[in-house]
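Good morning, and thank you for joining this group meeting.

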Amino acid sequence: MSDDKTMFALACRDVEAPAPVLTGVQATGRLDGVLFELALRQTYRNRSDRTLEVVYTFPLPQQAVLLGFASELNGARQEGTMVARVAAERQYERALSEGDAPVMLEAVGDGLHTANIGNLKPGDELVLEVCYAQLLAFEQGRLRLAIPTTIAPRYGSAERGGLQPQQVPQASLDAEYPLAISLTVAGTLAGAAVTTPTHRFTQAQVEGGVRLDLDRGAWLDRDVVVLVEPREALPSLVIQAHDAVNPAAPVVVMAALQPPAAAKRERIALKLLVDCSGSMGGDSIESARAALRGVVGELGEGDHVSLTRFGSKVDRVLAPSACTADVLHQAKTMIDAIEADLGGTEMEAALRAVFALKLPKGAGDADVLLVTDGEIWEAAAMVAAARASGHRVFAIGVGSSPAEGVLRALAEATGGACEFATPGEALEAAARRMLGRIRQQAWRDVRIEWGAETAWQTAPPVGVFGGDTLIAFAGMSSKSAASAVRLLAKDARGTTVELARGEAQAPCPGESLARIAASRRMAGANEDESLKLALGYQLMSKRTNCILVHPRAEADKATEEAELHRVNSMLAAGWGATSSVARAMPMADTVCFSMDYKPSESASSVGDIDTVYSRSMESVARRVPAAPEVPGPEFDTLRLIAQAVARNLDEGGSVKDLPTRLKAIALHPAAQAALVQAIDLGVSEGQAWLLLAHWANARIGGLGDAAIEALLQRPLASLDPGLVQRCMEVYDALLGRQSVDAWALARAQRLQRALGRTLP
């Protein structure tokens, strides 16, 4: 429905709500070769006089593999266990009802996870520890490590994207959570050049490498980016590790293969597509302009280019044209004029429009280069359409917290590639790297010869580019472990060539590699096999949760019903022009977001990025959609809906206009769910809003406006009475109380699923 396509609301502070429960995050990590491991510790403290159930949705890297989960309640530590989702939910609910303190972690897709902390009593402090591993790939000679810290507002329906109502993140201008990080770069990367474009770090030499310590004043408001460039190119490598879970294939082999650049294409046809939605305002649109300038600067005679911008609508700025000097000058002028002024992020419609663009004869096959922050919830249909289009999609993700999972899925499905560049990184360099990939002739029939019989192996990616590392896994018996691995493909003439070769090195200790390999295998497995792998290797997935319970002594058990406390996210720095992430220190007419921040004078500090906020919050209010407090679908919001629907009809508007006319109203998740269920019953989007207005006017005591009902009756009369009644029953079920507890509703649904029943 159209209103689902508004960005999720910015939450205002509820003066009656408990003080912020999340007090800060600390992290310690190590990067050794291409393996990065991080221990993340979130501290929660209940400073209210109420027992709370805390829910916090937070990001991890999209390719991270969870290796461990634990929590410490008032100093007492419990380790988590991965179990089937239904069993975990049942255990959580049982512990909650018995007065103990359960903690459950859920994976909700695209690297997002939800922590559920039950029965946090007044004065309790709980530290949640999450440990994960991630394999990084060299891209054009460098490693880019990005540690996400917040979830920027996204466009579309989070529930349709797979989240339950209580899991939907809300960004708040009031939220402030400090961040402390210590990272060690070691092993083969010990002598590499390390830069940190997003934060100030102090560097210190330690045994075996260098340690980076984040300076004070950092917050959970942007990705932490570390760039590592080895002084010499590292060769392809093959690493073996023991797999204790799979006796049939006790050796797991990882190959990190680096193909050379393919022969250059004579010419390219490039369809440029730039996101000009409201979320791109400020830093992101300036980054987009910089990236596009870099792209156009690399085009030349024989190439073709078009330029399209999008938001709620598609604006074709430059039709497909040969890259003459006049056309390139025109394109640069158009890029300089681009603004983030097109509303919402209708990315799927924009991609379909660009796929349909007809090229001049002789232009050749076209590729799409998308520049966006990627902040949308519903991507599955878009990815499927891109895969079917025959176009390769290359994406440059911009902003302080781009949606990595969305853009990687889009690129990987079509044989393209991704670059991410936050404010502070060189956008023109990112554009040059991407053009270098696009100009390479595509390798076909890419395959890996493992040099021995394999019990299983992961498929190579659709797109393989010189300068980018390809990582693949295979399982083998101990008697036939590989000594050399070859990457093969066919060139443009159909000749099979060897692109890269890796020789086996010393075995890798520990279980991390085997568990990462199992996680990669899950991506291509059916549901049953995926669940088996997740349980066997203790991995998070769509069908497994991590659960633990802190038992309480009888006298210490929680006896009152816990009150939901959803932890808001910090608003991503620079999002929607609410702030600016600038290289310069704050000017006289600005204030630093971190009021106690002191610039480091250490000669070893690197990076000089600050977030600068305007003194005048009136300017922020003009740019950010006003958001009501969202305790539930109470009278004021429902009355507003009923009055708006009636006003539209009174002014001669149609029911079809309602989704657009009402898009500024931020709905409680339960009301959003009610609209979705009504649409699923068979009414249109506009009719669902009409029926919601009718329900609010006719069913809630205290409204009962005869004038409103008179205006609603004519369009209502055109609907099937039985369908109207069924929709009214849906609204009764979901919105029948003055204040709906969405968490209680979701909990009841989960429990009934666990018991094999469903809600009527």
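Let me start with R77, which is partly exposed, with a relative accessible area of 37%. Please keep in mind throughout that this is a predicted model. R77 has a salt-bridge partner in E79, and the closest N and O atoms of the two are 2.9 Å apart. This pair also belongs to a network of salt bridges, in which R77 and E79 are linked with R41, E72 and E129. In total, the count of salt bridges comes to 42.

I would like to show two further examples from that group. In one of them, R309 and D315 meet through their side chains, with 2.8 Å from N to O. Are these two residues buried or exposed, fully or partly? R309 counts as buried, at 12% relative accessibility, because buried means under 20% relative accessible area. D315, by contrast, is partly exposed, with a relative accessible area of 26%.

The other example is the salt bridge between the side chains of R392 and D367, at 3.0 Å from N to O.

I now turn to the aromatic residues. The structure holds three aromatic pairs. One of them joins F36 and Y132 in an edge-to-face arrangement, with 6.4 Å from centre to centre and 70° between the planes. F36 belongs to strand 3, residues 35–45, while Y132 belongs to strand 10, residues 125–135; the pair therefore ties together parts that are 96 residues apart in sequence. F36 and Y132 are both buried.

Aromatic rings also meet charged side chains here. R154 lies over the face of W377, at 5.0 Å from the ring centre. Likewise, R521 lies over the face of W456, and there the distance to the ring centre is 4.3 Å.

Next, a hairpin. Strand 29, residues 484–490, pairs with strand 30, residues 496–503, in the antiparallel sense over seven bridges. Within this pairing, R486 has R501 of strand 30 as its bridge partner. Five residues lie between the two strands of the hairpin, and G494 in the turn has a positive phi of about 90°.

Let me step back to the protein chain as a whole. Its secondary structure comes to 17 helices and 37 strands. Of its 760 residues, 57% count as buried. How far apart in sequence are the residues that contacts join? Among contacts between residues at least 6 apart in sequence, 77% join residues at least 24 apart.

Finally, a word on confidence. The protein chain averages a pLDDT of 83, and 84% of the residues score at least 70. Where pLDDT is low, the predicted coordinates should not be read in detail.

Thank you for your attention; I am glad to take questions.

Technical notes
Residues numbered from 1 in each chain as written. Predicted model: local features only at pLDDT ≥ 70, side-chain atom pairs only at ≥ 80, totals over all residues. Heavy atoms only, no water. Salt bridge = Lys/Arg side-chain N within 4 Å of Asp/Glu carboxyl O. Buried < 20%, exposed > 50% of the residue type's maximum accessible area, 1.4 Å probe, protein only. Pairing = 2+ DSSP bridges. Helix = DSSP H or I, 4+ residues; strand = E, 2+ residues; numbered from the N terminus. pLDDT = per-residue confidence, 0-100. Phe/Tyr/Trp six-rings, centres within 6.5 Å; stacked < 30°, edge-to-face > 60°. Lys NZ or Arg CZ within 6 Å of the ring centre and 35° of its normal. Contact = heavy atoms within 4.5 Å.
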